[in-house]
Amino acid sequence: MNQTYGYVRVSAQEQNESRQMIAMRQFGVEEKNIVVEKQSGRDFNRPRYKGLLRQLRRGDVLVVKSIDRLGRNYQEILEQWQLLTKKREIAIVVLDMPLLDTRQGRDLTGTLIADIVLQLLSYVAETERENIRQRQAEGIAAALARGVQFGRGRKTLPDRFDHLARLWRQGEISSRAAAQELGISYQTFLRRAKECAEG
């Protein structure tokens with residue numbers, strides 16, 4: 001008997017998948033057949049998705065809320081679509097885009113339209129990712145040109161640092177004891193003491 005599976009994906013652990021879960025239940029996907037994955041969609045190397053692929057059989061239906069929940073890489077989405085719909089004969093339903101519904105009974109025109117819409121949507125998603133990366137790179141370059149420093153700023157050393165560093169170099173105090181007295185980690189103490197000695 002054919003099964004209907006739902007695939008729900010969010011990019012990070014703190015993101016909420018409830019909207020996708022509600023859509024799956026409304027479509028009629030059984031709770032036990034909903035696979036939730038908290039991982040980026042930049043490629044298809046995702047453990048829960050791979051496990052779902054192993055479960056899917058010819059004639060089954062795979063439901064996703066939107067095409068970007070399946071993935072974000074244009075070329076890989078098209079490859080997965082071909083693999084599932086053509087080679088393995090698994091139907092895909094994209095809830096936010098009724099044209100992307102390959103269940104049985106679709107005529108040749110419907111299948112053709114679904115393939116064209118998929119290509120267009122995948123292209124738009126990939127282009128948006130490229131634009132975001134380009135804007136980020138341009139923003140970073142502009143900030144660097146203005147002298148903006150990235151990363152955590154260096155902590156100001158406590159007043160007694162030079163005195164304790166001198167005692168440490170003379171072997172009169174351990175790095176851990178000096179660091180504890182200063183309220184910093186001993187790794188920070190060692191690094192900064194060596195920098196001061198060299199500089």
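A residue is called buried here if its relative accessible area is under 20%. Keep that cut-off in mind for the views below, which come from a predicted model.

View 1. Helix α6 covers residues 161-169, and its buried members are Phe161, Leu164, Ala165 and Leu167. Look just past the end of α6 and you'll find Gly171, with a positive phi of about 80°.

**View 2. Zooming in on Phe161, a residue of helix α6.** Phe161 has a relative accessible area of 1%, and because the cut-off for buried is under 20%, it counts as buried. What does Phe161 touch once its neighbours within four places in sequence are left aside? The list is Leu182, Phe189, Arg192, Ala193 and Cys196. Take Leu182 from that list: it lies 21 residues from Phe161 in sequence, yet the two C-alpha atoms are 7.0 Å apart in space.

**View 3. Four strands make an open sheet with parallel pairing.** Reading across the sheet, the order is β2-β1-β3-β4. That leaves β2 and β4 as the edge strands, each pairing on one side only. From one strand to the next, the twist averages 20°. Helix α1, residues 18-27, packs on this sheet and touches β1, β2, β3 and β4. The direction of α1 makes about 170° with that of β1.

**View 4. A closer look at strand β1 and its two partners, β2 and β3.** Strand β1 runs over residues 4-10 and is mostly covered, with six of its seven residues buried. To β2 (residues 34-38), β1 is joined by five bridges, and the two strands run parallel. With β3 (residues 61-64), β1 pairs over three bridges, again in the parallel sense. Which residues stand opposite Gly6 in β3 and in β2? In β3 the residue is Val63, while in β2 the bridge partner of Gly6 is Ile34. Another pair to pick out is Thr4, which stands opposite Val61 in β3.

**View 5. Glu89 has a positive phi without being a glycine.** The phi of Glu89 is about 55°. Where does Glu89 sit? Its place is the loop between α4 (74-87) and β4 (91-94).

**View 6. Stepping back to the protein as a whole, with its eight helices and four strands.** From the N terminus on, the elements go β-α-β-α-β-α-α-β-α-α-α-α. The radius of gyration is 27 Å, whereas a compact globule of 199 residues would have one near 16 Å. Along the principal axes, the C-alpha atoms fill a box of roughly 85 × 40 × 30 Å. Of the 199 residues, 37% are buried. The accessible surface comes to about 12700 Å², and carbon and sulfur atoms hold 50% of that. As for contacts with a separation of 6 or more, 60% of them are between residues 24 or more positions apart.

Note on methods:
Residues numbered from 1 in each chain as written. Predicted model: local features only at pLDDT ≥ 70, side-chain atom pairs only at ≥ 80, totals over all residues. Heavy atoms only, no water. Buried < 20%, exposed > 50% of the residue type's maximum accessible area, 1.4 Å probe, protein only. Pairing = 2+ DSSP bridges. Contact = heavy atoms within 4.5 Å. Rg over C-alpha atoms; globule rule 2.2 N^0.38 Å. Areas by Shrake-Rupley, 256 points an atom, 1.4 Å probe, with all protein chains shown as cover. Axes fitted to C-alpha atoms, helices over the stretch in contact; angles between N-to-C directions.
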